[in-house]
Amino acid sequence: MGGLKRAMRSKTGKAWLTKLLAGAGGLLAASISLGYTLYERRQADVVPQVEVATPVDAGRWKVSFAGSALAKEMPNGAKISPGKKAIVVSMMLENLSAQSSNLYGSLIKPTNLPDTPKPQYYLSRDRAILWDLQPRMPEAVTAVWEVPANVALPDVLRLRVEGEFFKPRDNLYNAPGWFPLGTVAEIALPLDGETSETKP
Amino acid sequence: MIPAVLGAAALLAALQATTPPYATLTGPISTVGRQSDTVSSDTFSVKINRVLKAKSIAYKQFGRAVDLQSSGVWVAVSAELQAFQKTVPVRAATLIGSSGRMYRQSRRAGDAPNVLSTKTVQPGLPTTGLLVFELPEDELRNMKLVLSEQYDPQLKDEISVSLETIETAPQARLEIRKDGV
């Protein structure tokens, strides 16, 4: 009888110790996670602010902004969709990767416009829709967002440049690829008046 | 016991290190050749006729004159394609420049007449046409032309042809007509 009691006591002691360890482990994990989140938040706060005409290296793309405006027509001469207005951002864009690519859709994102889709890009040289950008051949391009006409526009358009980095071997297929890096730069462009985008 | 375990571990590590990646296992079936030859894969073949370079290209689209400038050079490759067993649409063409960068055929010139990417190659009907590329001038040495049905082919034929370097300076303007260049 006494032996059984002792065994029971040691068993409860063990269970108690396990619970204690599990609790401590959980607390440790939570605090590491919290610390990491705080660290990331602090890192995210120090996104460099760039000026107009400053080249930004976003890994796959190099971009330098020229300015933004409200357009009367699309850069290729087409009409703006009824009930919409068009915000145009002109920039120099260069493909830094080793392959022709048209995957610049998520490179820039306005932060102070309500839910904008991916912009449509136009090649200034041809006044036509931009397709592939060839490596080492920077081009003057314009990105266009069409927003509903009743949206109140800010005086200053804030843009975020999203970076990408190259992995020679990815974790899934062991194949080369580009992966998101997060915001690499931010820029504020004054959005003044109606300007028709008629550049040569 | 310990030598056996170590031996097995070494063997497994060697096997793992030499396993070809998925991309290689499911990659293209390559055929390599030179510009002077007709290069044939199992499904289609290519014969390069001419390689021209120009500062600008011009053509007519719906009766409207189109003139395309470039910060680099336009390269127009005139080629003859043949399909063997079944219809082969050769949609993907890439020029690998001297730096190793890959320049896909230009979509800017995609509406030009006689462009091969808009044609479909039927068996028994040799099809000639143009492939138009835009690339920086210093990429023009030791170029390689890579053709396949689609970009990044998987377990499908891909023909790569090494092109001879053109020593002459690019012409100022290249007119693309319905019957070629």
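Analyst: By residue class, the lining of the second largest cavity comprises five charged, four nonpolar and two polar residues. The model is a predicted one, and the volume of this cavity is about 80 Å³. The cavity count at 30 Å³ or more comes to two.

Both chains contribute to the lining of the second largest cavity. From chain A come Leu123(A), Leu130(A), Asp132(A), Leu133(A), Gln134(A), Met137(A) and Glu139(A). From chain B come Ser106(B), Arg107(B), Arg108(B) and Glu134(B). The charged members of the lining include Asp132(A), Glu139(A), Arg107(B), Arg108(B) and Glu134(B), while Leu123(A), Leu130(A), Leu133(A) and Met137(A) count as nonpolar.

The contact between the two chains forms the wider setting. Here 17 residues of chain A are in contact with 21 residues of chain B. The area buried between chain A and chain B is about 1800 Å², with carbon and sulfur atoms giving 52% of that area.

Polar interactions also link the chains. Between chain A and chain B there are three salt bridges. One of them pairs Arg136(A) with Glu139(B), with the closest N and O atoms 2.8 Å apart. The side of chain A that touches chain B has seven nonpolar, five polar and five charged residues. Eight residue pairs are in polar contact between chain A and chain B, both residues being at pLDDT 80 or more.

As for chain A itself, the domain assignment gives domain 1 (1–46) and domain 2 (49–195). The C-alpha centres of these two domains of chain A lie 48 Å apart. The chain A residues lining the second largest cavity, among them Leu123(A) and Glu139(A), fall within the bounds of domain 2 (49–195).

Definitions and conventions: Residues are numbered from 1 along each chain as its sequence is written. Chains are lettered from A and ligands numbered from 1 in the order in which they are written. This is a predicted model: local features need pLDDT of at least 70, side-chain atom pairs count only at pLDDT 80 or more; totals for chains, interfaces and linings use all residues. Side-chain values use heavy atoms; hydrogens and water are left out. Contact means heavy atoms within 4.5 Å. Buried area is the accessible area (1.4 Å probe) that two parts lose on being put together, summed over both. A salt bridge is a side-chain nitrogen of Lys or Arg within 4 Å of a carboxyl oxygen of Asp or Glu. A polar contact is a pair of N or O atoms within 3.5 Å; within protein, one must be able to donate a hydrogen and the other to accept it, and residues adjacent in sequence count only if both atoms are side-chain atoms. Domain bounds come from an automatic or database domain assignment. On a 1 Å grid over the protein atoms alone, a cavity is a set of points where a 1.4 Å probe fits but cannot get out, and a pocket is an open set with protein on both sides within 12 Å along at least five of seven lines; lining residues have an atom within 4 Å of a point. Grid points are joined across faces, edges and corners, and a volume is the space filled by probe spheres set on the points.
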